[in-house]
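Biologist: Can you bring up the structure? I'd like to go through the helix packing and the aromatic rings.

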Amino acid sequence: MTRVLITGITGQDGGYLTERMLAEGTEVHGLVHYGDSATASLAAAYPEVHLHAGDLADHAGLARLVRNVAPDELYNFAGISSVAFSWQEPILTAELSGVAAAVLMQSAFELQERDGRRVACVQASSSEMFGEADHSPQDESTPVRPVSPYGAAKAYAHHMAGVYRGKGLHVAGCILFNHESPRRPDTFVTRKITAAAAQIARDGSGSIRLGNLDARRDWGWAPDYVDAMVRAARHEAGGDFVIATGTTHTVAEFAQAALRHAGVGDAWHDHVEVDQELLRPVDATVMVGDASKARRELGWRPTVGFAEIVGRMVDHDMQLLRAGS
Ligand code: GDP
């Protein structure tokens with residue numbers, strides 16, 4: 001039976017990957033942080049998942065976990081997941097999103113040497129590594145030139161993925177562009193907008209306070225991105241893969257689509273306020289990926305478009321409000 005180890009199992013991607021793996025009869029192990037409030041609900045929903053409490057900053061503990069679980073596939077989704085938060089905690093971000101990834105790859109390499117069988121690693125790299133890229137769309141050869149602490153930490157982990165690939169470890173560096181779902185926390189702009197749109201639709205009034213309305217992002221459907229990572233883990237060779245839809249929309253367009261879907265109408269301007277405090281020190285204007293390599297080599301393609309993503313997220317938030325009232 002295939003055995004997988006997922007770090008960051010309580011997050012959006014970890015949850016979708018867990019469901020996918022359980023459906024195919026795979027043994028699932030997950031690293032959860034001490035005191036993570038999402039652990040209890042995950043354990044209750046999926047009692048067959050083996051949860052291991054630990055800390056990404058405990059290098060010896062991480063190495064022991066990899067040795068003891070001895071996974072066939074290791075998915076590293078853990079770390080600081082928010083660019084905004086990384087400005088508040090830049091050093092912690094380096095430790096958890098950068099160094100811990102290297103510890104996991106070193107541990108996987110030692111396991112592979114010990115057992116003499118392939119240990120496939122997937123590093124969830126991020127489009128944020130590209131920073132203010134000179135050209136669009138970005139692909140695997142775009143220079144890595146981060147402009148945020150989050151991007152810099154992810155860049156280090158991504159480079160280490162290449163280093164360990166050179167040593168003979170199967171590592172896929174999946175360069176994920178923004179990927180959304182109803183499971184996104186509202187620290188991300190998409191969920192913040194859909195939750196607020198549902199509230200405004202219910203109350204008949206209210207507004208969404210946002211930062212940069214002109215930022216243009218390539219927003220995809222999270223389960224599609226999880227599918228890409230599984231394909232990359234099982235591909236004959238490791239490598240870097242950009243995972244993206246190739247189309248962009250502005251934050252303003254997202255807000256407009258969400259408010260319209262919620263039934264607020266076309267007067268979306270009346271419900272959006274710009275808050276200067278929410279502008280970031282540096283914020284890439286456009287992020288858009290070219291996933292041709294993943295399409296060609298992994299047979300991957302996105303299955304859910306922008307309007308459908310917005311609609312599903314708004315519907316979910318409206319349903320939550322109805323259930324709560
Ligand atoms: P990120 O790309 O991983 O940082 O994902 P986010 O969803 O946090 O941000 C996407 C874009 O939305 C960035 O360009 C932000 O500057 C922009 N943005 C505009 N207003 C907001 C806001 O209120 N919250 C967040 N999180 N982002 C915002």
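**Aromatic pairs and helix packing**

Modeller: This is a predicted model. Phe 109 is buried, and Tyr 164 is buried as well.

Biologist: What kind of aromatic pair do Phe 109 and Tyr 164 form?

Modeller: A tilted one, with 6.4 Å centre to centre and 55 degrees between the planes. Phe 109 belongs to helix H5 and Tyr 164 to helix H6, so the pair ties together parts 55 residues apart in sequence.

Biologist: How do the axes of H5 and H6 run?

Modeller: The axes of H5 (residues 90-115) and H6 (residues 149-166) come within 8 Å and cross at roughly 15 degrees. That angle is under 35 degrees, so H5 and H6 are roughly parallel to each other. The crossing of H5 past H6 is right-handed.

Biologist: Which residues make the contact?

Modeller: On H5 they include Ala 94, Ala 101, Met 105 and Phe 109, and on H6 they include Ala 153, Ala 157, Met 160 and Tyr 164. The contact residues of H5 with H6 comprise 15 nonpolar, four polar and no charged.

Biologist: Switching to rings. How many aromatic pairs are there in the whole structure?

Modeller: The search finds seven. One of them is tilted, the Phe 109 and Tyr 164 pair. Phe 254 and Phe 306 form an edge-to-face pair, 5.7 Å centre to centre with 80 degrees between the planes. Phe 254 is in helix H9 (residues 251-261) and Phe 306 in helix H11 (residues 306-324), so this pair ties together parts 52 residues apart in sequence.

Biologist: Is Phe 254 buried or exposed?

Modeller: Buried, because its relative accessibility is 0%. Phe 306 also counts as buried, at 16% relative accessibility.

Biologist: Which residues do ring pairs link into a cluster?

Modeller: Trp 219, Phe 254 and Phe 306.

Key
Residues numbered from 1 in each chain as written. Predicted model: local features only at pLDDT ≥ 70, side-chain atom pairs only at ≥ 80, totals over all residues. Heavy atoms only, no water. Axes fitted to C-alpha atoms, helices over the stretch in contact; angles between N-to-C directions. Helix = DSSP H or I, 4+ residues; strand = E, 2+ residues; numbered from the N terminus. Parallel < 35°, antiparallel > 145°, perpendicular 65-115°, else oblique. Left-handed = near helix turned anticlockwise from the far one by under 90°. Contact = heavy atoms within 4.5 Å. Nonpolar A, V, L, I, M, F, W, Y, C, P; charged D, E, K, R; others polar. Phe/Tyr/Trp six-rings, centres within 6.5 Å; stacked < 30°, edge-to-face > 60°. Buried < 20%, exposed > 50% of the residue type's maximum accessible area, 1.4 Å probe, protein only.
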